[in-house]
Amino acid sequence: MASPRHNLLSEDCRVAINHVASYELHISDAYLSMACYYNQDTGAPLFASFFEDQAEVKREHAKQFLRYLRKQESKICLLVIKRPDIDNWGTGIQALESALELENEITNLLENLKTMASANEETNLLHFMGKYLDKQKRNTNYLEQ
């Protein structure tokens, strides 16, 4: 007989983690689009470098949430989030404003997940995501400046 699984995630936390991972990938794609837009030809290589770095960070965050699901033996079912219909990110300020909107949305998703994990007494999940909330707040504050 198989041994019981000890760290089962609640279904609503599993769905919320999948949503967070999906949105992190969505943001990564948006940042990659921004990085390509602000390449060397636009005269804004600092924006290109910043957005490319952010794309990698967000992709890594998504992978870590997916690894967490795997570790918990939970189903991975990523949502399809439509890519922004923006081909011209405008000025650097406009791109940063778009980035801030994306970051605010992921902050909300993380806060909702934290609330859900707390309500379901998912202590492992709360511990796991603590570092992400801290990083997210720093990143959002940086963009606001």
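Mentor: A residue is called buried when its relative accessible area is under 20%, exposed when it is over 50%, and partly exposed in between, with a 1.4 Å probe and only protein chains considered. Gln-136 has 2% relative accessibility, so it counts as buried. The model is a predicted one, in which local features need pLDDT of at least 70 and side-chain atom pairs count only at pLDDT 80 or more, while totals for chains, interfaces and linings use all residues. Residues are numbered from 1 along each chain as its sequence is written, and side-chain values use heavy atoms, with hydrogens and water left out.

Trainee: How many helices and strands does the chain have?

Mentor: Helices and strands are DSSP runs numbered from the N terminus; a helix is H or I over at least four residues, and a strand is E over at least two. The chain contains four helices and zero strands, giving the pattern α-α-α-α along the sequence. Along the principal axes, its C-alpha atoms fill a box of roughly 65 × 30 × 20 Å.

Trainee: What percentage of the residues of the chain count as buried?

Mentor: The figure is 42% of the 145 residues. The chain exposes about 8,600 Å², of which carbon and sulfur atoms supply 52%.

Trainee: At which residues does UniProt place the feature "binding site"?

Mentor: UniProt positions are given in the numbering used here with shortened feature names, and an annotation may be inferred rather than shown by experiment. The unreviewed UniProt entry places "binding site" at Glu-24, His-61, Glu-103 and Gln-136. These residues are spread over 113 residues of sequence, yet they cluster in space, with a largest C-alpha distance of 12.9 Å.

Trainee: Is Glu-24 buried or exposed?

Mentor: Glu-24 has a relative accessible area of 1%, and therefore it is buried. The residue belongs to helix H1, which covers residues 11–37. A contact means heavy atoms within 4.5 Å. Not counting residues up to four places away in sequence, Glu-24 touches Lys-58, His-61, Ala-62 and Ile-106; His-61 is also one of the annotated positions.

Trainee: Which residues are in contact with Glu-103, leaving aside its neighbours within four places in sequence?

Mentor: They are Ile-27, Tyr-31, Gln-54, Lys-58, Gln-136, Asn-139, Thr-140 and Leu-143. Glu-103 itself sits in helix H3, residues 92–119, and counts as buried because its relative accessibility is 0%.

Trainee: With which side chain does the side chain of Gln-136 make a polar contact of 3.0 Å?

Mentor: A polar contact is a pair of N or O atoms within 3.5 Å; within protein, one must be able to donate a hydrogen and the other to accept it, and residues adjacent in sequence count only if both atoms are side-chain atoms. The partner at 3.0 Å is the side chain of Lys-58, and another polar contact, of 3.3 Å, joins the side chains of Gln-136 and Thr-107. Gln-136 is placed in helix H4, residues 123–144. Beyond four places away in sequence, the residues it touches include Glu-103, Ile-106 and Leu-110.

Trainee: Where does Glu-60 lie?

Mentor: Glu-60 lies in helix H2, residues 45–71. With 28% relative accessibility, Glu-60 counts as partly exposed. Its side chain makes a polar contact of 3.3 Å with the side chain of Arg-67. The C-alpha atoms of Glu-60 and Ala-21 are separated by 9.7 Å, although the two residues are 39 residues apart along the chain.

Trainee: Where is Glu-121 found?

Mentor: Glu-121 is found in the loop between H3 and H4. It has a positive phi of about 55° although it is not a glycine, and at 68% relative accessibility it counts as exposed. Glu-73, in the loop between H2 and H3, likewise has a positive phi, near 55°.

Trainee: How many positive and negative side chains does the chain have?

Mentor: Lys and Arg count as positive and Asp and Glu as negative, whereas His and the chain ends are not counted. Each charge is placed at NZ of Lys, CZ of Arg, CG of Asp or CD of Glu. The chain has 16 positive and 21 negative side chains, and the centres of the two sets lie 8 Å apart.

Terms used. Areas by Shrake-Rupley, 256 points an atom, 1.4 Å probe, with all protein chains shown as cover.
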